[in-house]
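This report covers the cores, sheet, cavity and selected residues of one protein model. The sequence and structure come next.

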Amino acid sequence: MLEVKDRRLAFERIVDVVKLIGKRGMSFRGEYESVKDLSNPNVSHGNFLDIVLLLAKYDVTLNKHVQSVIKKADMNKTPGRTGMYSIQIDTTQDISVIDICSIVIRYVSQNNLQSSQPIVCERAISFLSPKKTTGQALCDLVSSNLLENNIDIKQCIGSSTDGASNMIGQYKGFSSWLEKESPNQIHIWCYASCLNLIILEATSISTASVSLFGLLNSCAAFLRHSHKRMDVWRSVTTDSRVLNFIGQTRWWAKYVALKKVFGIFNDPSGSLFINIVKVLLSVSSSNEDFNSDTRLN
């Protein structure tokens, strides 16, 4: 119970730091946010971490929590019983339209070496902003990051990416360049990416399916691209949810759109279908001039 109490007290202090940063309108992030850099007071960790580290110098509870995080990171920084691991990378744009590359490693835990039940661990070690997204540039980015974390790239026995040409290209893809660094690694095309492509293809050859998802996307665009129509939406329902656009790269987009409009199979209680009908009836019968122009994503 003492450990639970200490964690709650540490959490309260961290929440207070978050509230302070929000109140002052300051940024959270910094240039050196890795756990391995926390012991270096001469670099910028960002407002959040710097304030936490400052408070930890004078607060026993928070200092205990920070030291436990650093100790845990040191225990897990060397992957695998034999050093072997696999790597997963993917790139995507965040809300500020900055390309972010996530680097994840999977390995068998080196703790409890005598245990007959090894534990497969998965760790996100970095989120970086690449200058270029060519296969060679991504391989160089991953190689340098692994080196910074004292991980031998030659011990990489597998890699997993999506099916983009810069990832799986036979001559200039990331996997090809990684194979030169670690000849024993085997590349696996991400199963989730494959499944997404299958779903996209399956839903694009059926007229009924194309009509259904096209109608859902049109409804979302029609309502969300007009503040006047959204005002009608808010006047009809107290539900804070809105309709979702169906993006091509969000693997769960079709499922989320269907579930939000029609609810779960045999249980439509949480659906927005009735709200949509009410809003469309209100717009069509209103004397106001609602511009019907919209754009589809």
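## Nonpolar cores

The largest nonpolar core has 19 residues, and those with the most contacts inside it are Tyr85, Ile87, Ile89, Leu146 and Phe174. A nonpolar core is here a set of buried Ala, Val, Leu, Ile, Met, Phe, Trp, Tyr and Cys residues joined through side-chain atoms within 4.5 Å. Buried means under 20% relative accessible area, exposed means over 50%, and partly exposed lies in between (1.4 Å probe, protein chains only). Two or more residues of this core come from each of strand E1 (85–93), strand E2 (99–108), helix H4 (135–148) and helix H6 (174–181). H4 gives the most, with 5 residues. Helices (H or I, at least four residues) and strands (E, at least two) are DSSP runs, numbered from the N terminus.

A second, separate core has 18 residues, including Ala220, Ala257, Leu272 and Val283. In soluble globular proteins, nonpolar side chains tend to be buried together.

## Basis of the values

The model is predicted: local features need pLDDT of at least 70, side-chain atom pairs count only at pLDDT 80 or more, and totals for chains, interfaces and linings use all residues. Residues are numbered from 1 along each chain as its sequence is written, and side-chain values use heavy atoms, with hydrogens and water left out.

## Overall composition

The protein holds 11 helices and 5 strands. Of its 297 residues, 32% count as buried. Among contacts between residues at least 6 apart in sequence, 57% join residues at least 24 apart; contact means heavy atoms within 4.5 Å.

## The sheet

The 5 strands of an open sheet follow the order E3-E2-E1-E4-E5, with mixed pairing. Two strands pair if DSSP finds at least two bridges between them. Strand E3 (120–128) and strand E5 (186–189) are the edge strands, each pairing on one side only. From one strand to the next, the twist averages 20 degrees. Axes are lines fitted to C-alpha atoms, for helices over the stretch in contact, and angles run from 0 to 180 degrees between N-to-C directions.

E1 and E2 are antiparallel and pair over 8 bridges. Isoleucine 87 stands opposite isoleucine 105 in E2, and aspartate 90 has serine 102 in E2 as its bridge partner. E1 and E4 run parallel and are joined by 4 bridges, with tyrosine 85 opposite cysteine 156 in E4.

## Helices on the sheet

H4 lies across E1, E2 and E3 and runs at about 125 degrees to E1. H6 also packs on the sheet, where it touches E1, E4 and E5. The direction of H6 makes about 175 degrees with that of E4.

## Cavity

How many cavities of 30 Å³ or more does the structure hold? There is 1. A cavity is a set of points, on a 1 Å grid over the protein atoms alone, where a 1.4 Å probe fits but cannot get out; lining residues have an atom within 4 Å of a point. Grid points are joined across faces, edges and corners, and a volume is the space filled by probe spheres set on the points.

The largest cavity contains about 40 Å³ of space. Its lining consists of Leu216, Leu243, Asn244, Ala257, Lys260 and Val261. Helix H10 (residues 253–262) gives the most to this lining, with 3 residues. Ala257 of the lining is also named in the second core.

## Selected residues

Asparagine 150 is in the loop between H4 and strand E4 (156–161). Its phi is positive, about 60 degrees, although the residue is not a glycine. Most residues other than glycine have a negative phi. Asparagine 150 counts as exposed because its relative accessibility is 59%.

Glycine 270 is in the loop between H10 and helix H11 (273–285). Its relative accessibility is 34%, so glycine 270 counts as partly exposed. Leaving aside neighbours within four places in sequence, glycine 270 is in contact with Arg241 and Lys260. The C-alpha atoms of glycine 270 and lysine 260 are separated by 7.4 Å, with the two residues 10 apart along the chain.

Aspartate 6 is in helix H1 (residues 2–24). Is aspartate 6 buried or exposed? At 18% relative accessibility, aspartate 6 counts as buried. Not counting residues up to four places away in sequence, aspartate 6 touches Thr61 and Lys64.

Technical notes:
On a 1 Å grid over the protein atoms alone, a cavity is a set of points where a 1.4 Å probe fits but cannot get out, and a pocket is an open set with protein on both sides within 12 Å along at least five of seven lines; lining residues have an atom within 4 Å of a point.
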